[in-house]
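Take a look at the model below. This report covers a ring pair, other aromatic contacts and a ligand site.

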Amino acid sequence: MKNIKILITGGAGFIGSNFIYHMIDKYPNYKIVCLDALTYAGNLGTLKPLMGNSNFKFVKGDITDREFVFNLFKEEHFNIVVNFAAESHVDRSIKNPGVFLNTNILGTQVLMDASREYKIERYHQVSTDEVYGDLPLNRTDLFFTEETPITTSSPYSASKASADLLVQAYHKTFKLPITISRCSNNYGPYHFPEKLIPLMISRALNDEDLPVYGNGENIRDWLYVEDHCKAIDLIIHKGRVGEVYNIGGHNEKSNLDVVKIILRELNKPESLIKYVTDRAGHDMRYAIDPTKINNELGWLPETKFEDGIKKTIKWYLDNKSWWKEILSGDYQNYYNSMHK
Ligand code: NAD
Ligand code: DAU
């Protein structure tokens, strides 16, 4: 197999780090370079076991820094770019939209400009089902397909949708060989404890209140992160250039049900649940139709929510220091300790 060098941006975050581990395990002859700005969401400690691996290199840098990114592309000669780097938390985008537009849209532009200049063979944009807006709770027959119109609710989803349109424009205008994947809610190891599932696990373990927005009836289509990584792996190797692929499917749960399952697994009382003010513009239901990626690439989600949530809870129990260091802020010291 050809020696391939892949740039993975945002690889110190949740899905990017899982993807790096997946790729290093599956393709021992590939070279992986991770570019990450180590924002509050980036945790270099997650990648610590890979430091010293001759197939892996970590580079601290910002995808919006044009000169830095161009120099990196010039030095490294990447074949493939997979862009995970983003501001990813909806609640933060409601408080401070600017950084979302900057990283998610302009950062994508910089990466694509460098990909054009250095003739990258494939630029893959990791996008989200949130670009399709939401579905009503009483229409369980409706699902997001790749043809569903783009309709966004939050500054986060608007920034991701803008980036998707730009990626498609670079394909049409400049013939950049792109693919886009739009995925539903992921869960699993290394998920930052501000998002629903890891937040609820870590707070329940500390016997703290569990803040459920509104009435908790909102539905998300949960995907175990390893299944997402397998789908991206298939798309970058076998997906058709210029195409969008939806990833997810048939693991729909209301937020309240998710929280109750977590409490049951941890043997904690439901009295910890606290209903709090709803998120502004809160999307009701996400649900992916994965027919296209199933028909073209043979992908389907393998992990049922009932199994994935057990594995995830076990991981958070076995790796308390990982999330406790995040809660205490200590995780941000690791990079400095490595680069004194
Ligand atoms: P995350 O917030 O856990 O990680 C984001 C990573 O990007 C962090 O390591 C951060 O340091 C890095 N980063 C942020 N700004 C950067 C910049 N300017 N330059 C370089 N690096 C920067 O996010 P995640 O949940 O792993 O999501 C990864 C991607 O997948 C995002 O593009 C997100 O929109 C998309 N996505 C996420 C989900 C989900 O459920 N988490 C679902 C669908 C799509
Ligand atoms: O659908 C894909 C998207 O999933 C990704 O694009 C985003 O990057 C990712 O963060 C996620 O977005 P959500 O807004 O769906 O995820 P979050 O974990 O923030 O919230 C999940 C649901 O739980 C949502 O309906 C809001 C609710 N919630 C969330 C938090 C943090 C609560 O009820 N209480 C909370 O404290």
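## A buried ring pair

Tyr316 counts as buried, because its relative accessibility is 1% and the cut-off for buried is under 20%. This is a predicted model. Trp315 is buried as well, at 14% relative accessibility.

Tyr316 and Trp315 belong to one aromatic cluster, together with Tyr21, Tyr190 and Trp322.

## Rings across the sequence

The count of aromatic pairs comes to 19. One of them joins Phe192 and Tyr331. Their ring centres lie 6.1 Å apart, with 65° between the planes, and the pair is edge-to-face. Phe192 sits in the loop between strand 7 and helix 6, and Tyr331 in the loop between helix 11 and helix 12, so this pair ties together parts that are 139 residues apart in sequence.

Phe192 is buried, with a relative accessible area of 12%. Tyr331 is buried too, at 6%. The rings of Trp315 and Tyr316 have planes at 75° and centres 5.0 Å apart, so that pair is edge-to-face.

## Charges over rings

Arg92 places its charged end over the ring of Tyr40, 3.5 Å from the ring centre. Arg220 does this over Tyr286, at 4.0 Å from the centre.

## Around ligand 2

Ligand 2 is surrounded by 24 residues. Among the closest are Asp129, Tyr156 and Arg279. The shell divides into 10 nonpolar, 8 polar and 6 charged residues. Helix 6 and strand 8 each supply at least two of the shell residues.

A polar side-chain atom of Asp129 is 2.5 Å from an oxygen atom of ligand 2. A polar backbone atom of Pro211 lies 2.8 Å from a nitrogen atom of ligand 2. The protein covers 94% of the 690 Å² of accessible area that ligand 2 has on its own.

Conventions: Residues numbered from 1 in each chain as written. Chains lettered and ligands numbered in written order. Predicted model: local features only at pLDDT ≥ 70, side-chain atom pairs only at ≥ 80, totals over all residues. Heavy atoms only, no water. Near = heavy atom within 4 Å. Polar contact = N/O pair within 3.5 Å; in protein donor to acceptor, adjacent residues only side chain to side chain. Areas by Shrake-Rupley, 256 points an atom, 1.4 Å probe, with all protein chains shown as cover. Helix = DSSP H or I, 4+ residues; strand = E, 2+ residues; numbered from the N terminus. Nonpolar A, V, L, I, M, F, W, Y, C, P; charged D, E, K, R; others polar. Phe/Tyr/Trp six-rings, centres within 6.5 Å; stacked < 30°, edge-to-face > 60°. Buried < 20%, exposed > 50% of the residue type's maximum accessible area, 1.4 Å probe, protein only. Lys NZ or Arg CZ within 6 Å of the ring centre and 35° of its normal.
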